[in-house]
Amino acid sequence: PVLLSCGSAQPGGCPALCECSEPAKTVKCVNRNLTVVPPDLPPYVRSLFITGNPLTHLPAGAFPAQRLPDLTSLNLSGNHLRAVEAGALALPALRQVDLSGNALVSFSPQAFGEGGSPLEELALRGSLRDHGVLLSLAALLQSGALRNLSRLELADNGLLLLPAGMFTALPTLRQLDLSNNSLVGLRNVSFQGLGQLQSLNLSDNSLGVLWNSTLAQFRSLPALRHIVLGHNTWVCDCAIEDLVAWLKESDQVEGKEALTCASPDKMLGKALLKINSSDLNCSVPIDLPSQLQTSYVFLGIVLALIGAIFLLVLYLNRKGIKKWMHNIRDACRDHMEGYHYRYEINADPRLTNLSSNSDV
């Protein structure tokens, strides 16, 4: 295709500093020092590249829906985007958006409009370093506005944990990339409802174990056939038994033969598939918090029974206890009267002389 470059835009032509191809329906504004989205983009554009620019802000209506009815693919990677306002990406034909390599600090949950969006692919590689932006994205996904999403890329974001229920409103999601983050666990992550999920990339994270609840979710997803778990910090103690058993029976994990232990030292480098129960020290309960909780409940029941028995014994022996209390009271009273009598003798000199000079 012939690339046309114009110093000034003409009706249906090409904006300044951009390269356009009407036959390919493509406009490229790459490394052009743009600080705003060109307002005169040609209406025929279907694929738009605005990359490598000092673009920091996408306001509402940055891409007018009436002027760009056929815009399908939008690449905004490698800019300096910090804020995406509500309605900034509300386009009727938009299917692909790439916001990778930006430093977002504000991302409106209504960025794709108030209603549903036809968006199918969303790439946010290296753009979610701010925790507030992650929560905004979770709110967007949970709202159901992107129910047509089939591919979601969240790699290279340094994520430690994911918001609970983040993916529950994505029924058509097929590919989910969470690689090269710092994920330490997936216990609060629900994959339920992702019936069409085919590929899940969890490589290059800090996962030490996958618990049975997560493995059960993987088993329940009929289309999930490609799970990548390489380069994680697997802790090969008793808690990893369920993961090892699942790996041995499952055909969902790619390259599972290369998965190795990162700790403890005696297991360092050992392949997970070669671990046997005899290699692990299972003297400590697998799920210590659950064991402690069960112990506390049992202790409470025992203490309650002891208390009930004690009260029953008191009730059955109430008459004897009452008599015993009266005897103690009488004994204490006689004892105190003796002390009182001796005190009176010691206090009266006449009684003292009498007691010392007589046989009485």
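**View 1. Strands β3 and β5 side by side.** Strand β3 (residues 47–51) runs parallel to strand β5 (residues 73–75), and the two share 3 bridges. Here, strands pair if DSSP finds at least two bridges between them; strands are DSSP runs of E with at least two residues, helices are runs of H or I with at least four, and both are numbered from the N terminus. Look for S47, whose bridge partner in β5 is S73. The model is predicted: local features need pLDDT of at least 70 and side-chain atom pairs 80 or more, while totals for chains, interfaces and linings use all residues. Residues are numbered from 1 along each chain as its sequence is written, and side-chain values use heavy atoms, without hydrogens and water.

**View 2. The open sheet.** Its 11 strands follow the order β1-β2-β3-β5-β7-β9-β10-β11-β12-β13-β15, with mixed pairing. At the edges sit β1 (19–21) and β15 (253–254), each pairing on one side only.

View 3. R125 forms a salt bridge with E153 (2.5 Å, N to O); the term means a side-chain nitrogen of Lys or Arg within 4 Å of a carboxyl oxygen of Asp or Glu. E153 lies in strand β10 (residues 151–153), 28 residues from R125. R125 also meets D156 in a salt bridge (2.5 Å, N to O). E153 is buried at 8% relative accessible area, and R125 is partly exposed at 29% (buried is under 20%, exposed over 50%, partly exposed in between, with a 1.4 Å probe and protein chains only). R125, R151, E153, D156 and D177 are linked in a network of salt bridges.

**View 4. A link between two helices.** R219 and E249 meet in a salt bridge (3.3 Å, N to O), joining helix α2 (residues 212–220) to helix α3 (residues 241–249).
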